[in-house]
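Hi everyone, thanks for coming. Let me put today's structure up on the screen, and then I'll walk you through a few parts of it.

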Amino acid sequence: MGASLKFYNTLTREKTAFSPIDPKSVRMYVCGPTVYDYAHIGNARPAIVFDVLFRLLRHVYGEGHVSYARNITDVDDKINARALRDHPGLPLNEAIRAVTERTETQYHEDVAALGCLEPTVEPRATDNIPQMIEIIEKLIARGHAYVAAGEVLFDTKSMGDYGKLSKRPLDEQQAGARVAVDAHKKNPGDFVLWKLSSDNEPGWESPWGRGRPGWHIECSAMSRRYLGEVFDIHGGGLDLIFPHHENEIAQSRCAHGTEVMANVWMHNGFVQVEGRKMSKSEGNFITIYDLLHTEKFGGRQWPGEVLRLAMLMTHYREPIDFSVKRLEEAERLIARWPAADPGGAAPCDTVIEALGDDLNTVAAIQALHALAHEAHADKTLLPIFAASANLLGVLPQKTEVDEALASAVDALVSMRLELLKAKNFPEADKIRNELSEKGIQLKDGKDASTGERVTTWELKR
RNA sequence: GGCCUCGUGGCGGAGUGGUGACGCAGAGGACUGCAAAUCCUUGCACCCGAGUUCGAUUCUCGGCGAGGCCUCCA
């Protein structure tokens, strides 16, 4: 456990040494998807970035000592709208379930294809309604929330240092004067904890009537349930800093009376497409599914590992401009890396140090290059390369070749070598070309001692 | 209007107060019957201006430019 980790903390705007509350139980929470539609490549970024962090923490503190919670938000007005649109015939609850289950399954398929490990726990908002109600009750009891016009609202003025994360103090927000002042709100910045539902909206019984939770409360409830009142790392996209994370912090800290909710707040930068923010109205909206399974982007499909490497080629806090050229470069890199077996090897220190420096995946990838290069000359380094690549989750997969195919290819290879000895180049090249068309790449080398031609082959990736 | 990022060679992209990472693409070469793979060599850069400094791409200020948040958003 010699590795020292440093992370940039949005809370302090500084890169500081990471020291877990309990090294035997390192806890991180990442805001997961709201399951109403296909996940886009912007959603892929936090999934990948924090997966690398998860892998790093597991390496440093031990696999059994890291808890990673990533929620599924399955209650949201966007889901309701989608359910009504897609399943007009079904009762509302069934329609909602149809949408959320379908979307959740798709999300899991997508991120698995991107090489993301499963989080330790993946709680659903709808399984945590009583926990949310409990927090809301606490907030009311402590004077941080009030009931008005059928809603329970968080009283932002009741919190002395509201706005610390986003550096957006309350009075400045009001200076903007663009926040619509709802008559029932004490302050414009107050936000909904609970709202009443009409008959055609999903709802749960609560002390304030049949209703549903506000946007932020689910993360406060689930992080507390699975990670405790104060935990180590909270992650998500840059855009969540305000209002989502700010309000999570307000709820959790005021309910529990703690100084912080999480010690370190990490935020990934945005993904752009063709230099512009991705949005449906711009027409440059692209989903993970599209990239993996359709020809919508660049006229072809892209392997998950290529997408993942393309994402990690930029530091997680910088913006990424997603482009075909970028994916092509990532693909070339992966194709050159060896598909090796890590065995029990430990990852290279250079890679660990790079990742330990605020997840410098770029430096880590550079170190992988160097390793791959050395491993070409010295095969004993292959397991180290593989273990290091695994830390980033970018280890090229060995494609299994069945025995029959292997012996058939071997036979053709030796036949070709005979033809070459006889200087029958046209016939020899014919074999090479035919194999190439079947996706098998021959590589000629020289035996170091005898100078004889040695031919190896592999499946093209 | 308020707040926050960022600006490095054809492209991607880290980093540093003192001869210009690295990768991709390009060029040349080795190997090869020819390819592929591999190896070697190589050109090209730090938005503009001022300041601090012996010295700035790196620090400070100003400008210009790009992006984000302030409303749902990863």
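Before we look around, one term: contact, or touching, means heavy atoms within 4.5 Å. A word on the source, too: this is a predicted model, where local features need pLDDT of at least 70, side-chain atom pairs count only at pLDDT 80 or more, and totals for chains, interfaces and linings use all residues. Residues are numbered from 1 along each chain as its sequence is written, chains are lettered from A and ligands numbered from 1 in the order in which they are written, and side-chain values use heavy atoms, with hydrogens and water left out.

Let's begin with Arg 308, which you'll find in helix α9, residues 304-312. Helices here are DSSP runs of H or I with at least four residues, strands are runs of E with at least two, and both are numbered from the N terminus. Is Arg 308 buried or exposed? Its relative accessibility is 0%, so Arg 308 counts as buried; the cut-offs are under 20% for buried, over 50% for exposed and partly exposed in between, with a 1.4 Å probe and protein chains only. Leaving out residues up to four places away in sequence, Arg 308 touches, among others, Ile 48, Asp 51, Arg 55, Cys 116 and Val 394. Val 394 is 86 residues from Arg 308 in sequence, yet their C-alpha atoms are 7.3 Å apart.

Asp 444 places a polar side-chain atom 3.0 Å from a base nitrogen of RNA strand B. Helix α10 gives the most to this surface, with 6 residues.

Last stop, an open antiparallel sheet of 4 strands, in the order β5-β6-β7-β8. Strands pair if DSSP finds at least two bridges between them. β5 and β8 are at the edges with a single partner strand each, so one side of each has no neighbour in the sheet. β5 is joined to β6 by 4 bridges, and Ala 148 stands opposite Glu 151 in β6.

Notes:
Polar contact = N/O pair within 3.5 Å; in protein donor to acceptor, adjacent residues only side chain to side chain.
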